[in-house]
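I opened the model to look up a few local features. My entries follow in the order in which I checked them.

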Amino acid sequence: MEKEQNTVDTATEAEQTTPPKEEKKKATKAQVTDLEQKLAAAQEELAQVKDQYQRMLAEYANYKRRTEQEKEQIGAFTKAELLTGLLVSLDNMEKAIEAPAGDEYKTGVDLVLKQFMEALHKLGLEEIEAENAPFDPNVHNAVMREDADGVEPDTVTAVFQKGYKIGERVLRPAMVKVAN
C-alpha cells in the first residue's frame, strides 16, 4: 500500500508541476503576442512618420523652388522699372547731344541731369551730405587730410566724389578731404 501511495503522490506531483509549465507557456505566448502587436503598431506609426517627413521634404523643395522663381521675377521686374524710368533721360540726352553747342545746349544737359536725378530719387537714391559736415567713417571715405584754418578738426573740407545711399544702406561712400 505504501507503493500505491507513493505512486499516487508522484502522480499528484506530476499534475501539479505540469500546469505551471503550461501557464508559463501561455503567459509567454501572451507576452509574445502583445509584443508583436506593439511592434506592428510601432511599425505603422513609423511608416506614417516617414510619409509625413517625405511630404514635408517635398513641400519644402516646392517652397524653395517657388521662392527662387519669385526672386527672379522680382529682380526682372525691378530692372524693368528702373530702366523704364531712365529711358526718358536717355532720350533727352540723345536730343541734347544732337543740339548745336551754346547756352541752350548747357540748359538742355542741365535739364537732363535734373530729370535723371529725379528718376533715381524716385527709386530711393539719396546723396550723402558731405561738404562741411562732420567726418563719419560709415558714409565718408577720407582720401586726404589737410591743415585748414577756421575749420573744426574732423570736418569735411572738400568732396572729390559724391556718395549715395538707399535708405540706411550706403551704396558708395563719399570720397572726401578732411581737416586735421
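Before the first entry I noted the cut-offs: a residue is buried under 20% relative accessible area, exposed over 50%, and partly exposed in between. I also noted that the model is predicted.

**Entry: helix α1**

I started with Leu82, which lies in helix α1, residues 2–98. Its relative accessibility is 32%, so I put Leu82 down as partly exposed. I then looked for a nonpolar surface patch and found that Leu82, Leu83 and Leu123 make one of about 260 Å². Patch residues need over 30% relative accessible area, and Leu82 has 32%.

In helix α1 I also looked up Ser89.

Next I traced an open sheet of three strands, and I wrote down its order as β1-β4-β5, with antiparallel pairing. Which strands are at the edges? They are β1 and β5, the latter covering residues 169–172, and each pairs on one side only. On average, neighbouring strands in this sheet are turned by 40 degrees against each other, direction ignored.

I then took the pairing of β4 with β5. Strand β4 spans residues 163–166, and three bridges join it to β5, with the two running antiparallel. Within this part of the model I found Tyr164 opposite Arg172, a residue of β5.

**Entry: positive phi**

Last, I looked up residues other than glycine with positive phi. Asn132 has a phi near 60 degrees. I located Asn132 in the loop between β1, residues 125–128, and β2, residues 140–146. Its relative accessible area is 58%, so I recorded Asn132 as exposed.

Asp154 also went into the list: its phi is positive, about 60 degrees, although it is not a glycine. Where is Asp154 found? I placed Asp154 in the loop between β2 and β3, the latter being residues 156–161. With a relative accessible area of 40%, Asp154 is partly exposed.

Key. Residues numbered from 1 in each chain as written. Predicted model: local features only at pLDDT ≥ 70, side-chain atom pairs only at ≥ 80, totals over all residues. Heavy atoms only, no water. Helix = DSSP H or I, 4+ residues; strand = E, 2+ residues; numbered from the N terminus. Buried < 20%, exposed > 50% of the residue type's maximum accessible area, 1.4 Å probe, protein only. Pairing = 2+ DSSP bridges. Axes fitted to C-alpha atoms, helices over the stretch in contact; angles between N-to-C directions. Patch = residues over 30% accessible without salt bridge, like charges linked within 9 Å, V, L, I, M, F, W, Y side chains within 5 Å. Areas by Shrake-Rupley, 256 points an atom, 1.4 Å probe, with all protein chains shown as cover. Salt bridge = Lys/Arg side-chain N within 4 Å of Asp/Glu carboxyl O.
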